[in-house]
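This text leads through one protein model, from single residues to the whole chain. Please keep the sequence and the 3D view open while reading.

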Amino acid sequence: MSKYQFNVLLLKIESNISKQNTHFREAIPPKQKLAVCLRFLGTGDSYQSIAFSFRLGHSIVQSIVFEVCSAIISKLKEEYLSIPSEEDWKRIAKEFWDIWNFSNCIGALDGKHVVIEAPPNSGSLYFNYKKTFSIVLLALVDAQYKFLAVDIGAYGKNSDGGILSNSNLGKALERNKLNIPNDQYFLDANENCP
């Protein structure tokens, strides 16, 4: 991440992560909070390791990561993960045809198991078919691998289909709330398909 990108992101979330200084202690500056969070997300280091690097308490680092991630989601969600319009879907379908030769395709969907340590007292909730503990990242992408929708944090034991049906994306698809265009003819045949 460049210094410019860091500062742009900081400007967008600064008001959400700023705290007042008190007589007892000075608040951690938003710039340092963002640096801590990005270091955690970029390296995957433990809270303990990052706490040592930044001379902060391990529980403080954990709360900073949650606070900054929440701010990033709330400020950037609409900008980067807004619901595509009908025209956007048509453009995506055209790109799938042009790049990948898939007709009437408006997204590629898959789940990725992210290996974790088993949380205490979680039983088999996070235990997956690969015999590891995980949470699932389910993502819908366009023809150029740009995210259109994500669902993060489902139990590793769940299948992609089960996660999709319980996600906001799956529910919106079921209720026809995603501005998906009507059936179209395949570009290479005379069949009308969804």
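Two residues are in contact when they have heavy atoms within 4.5 Å of each other. This is a predicted model, in which local features need pLDDT of at least 70 and side-chain atom pairs count only at pLDDT 80 or more, while totals for chains, interfaces and linings use all residues. Residues are numbered from 1 along each chain as its sequence is written, and side-chain values use heavy atoms, with hydrogens and water left out.

Begin with E95, a residue of helix 5 (residues 86–100). Helices (H or I, at least four residues) and strands (E, at least two) are DSSP runs, numbered from the N terminus. Beyond its neighbours within four places in sequence, E95 touches W100, D142, A143 and Q144. Is E95 buried or exposed? E95 counts as buried because its relative accessible area is 16%, the term meaning under 20%, with exposed over 50% and partly exposed in between (1.4 Å probe, protein chains only).

A139 lies in strand 2 (residues 134–141). Its relative accessibility is 10%, so A139 is buried too. Apart from neighbours within four places in sequence, its contacts are A108, L109, D110, F147, A149 and V150. A139 and L169 are 30 residues apart along the chain, and their C-alpha atoms are separated by 9.7 Å.

Helix 1 (residues 3–17) bends by about 45 degrees at L11; the bend is the angle between axes fitted to the seven residues ending there and the seven starting there. Its buried residues are F6, L9, L10, I13 and I17. An α-helix has 3.6 residues a turn, so residues three or four places apart point the same way. The cover over the buried residues of helix 1 includes helix 2 (30–43) and helix 4 (58–80).

Now take the whole protein. It has 7 helices and 5 strands, in the sequence order α-α-α-α-α-β-β-β-α-α-β-β. The C-alpha trace spans about 75 × 40 × 30 Å along its principal axes. The radius of gyration is 21 Å, whereas a compact globule of 194 residues would have one near 16 Å; the value is taken over C-alpha atoms, and the globule rule is 2.2 Å times the number of residues to the power 0.38. Of the 194 residues, 29% count as buried. Among contacts between residues at least 6 apart in sequence, 51% join residues at least 24 apart.
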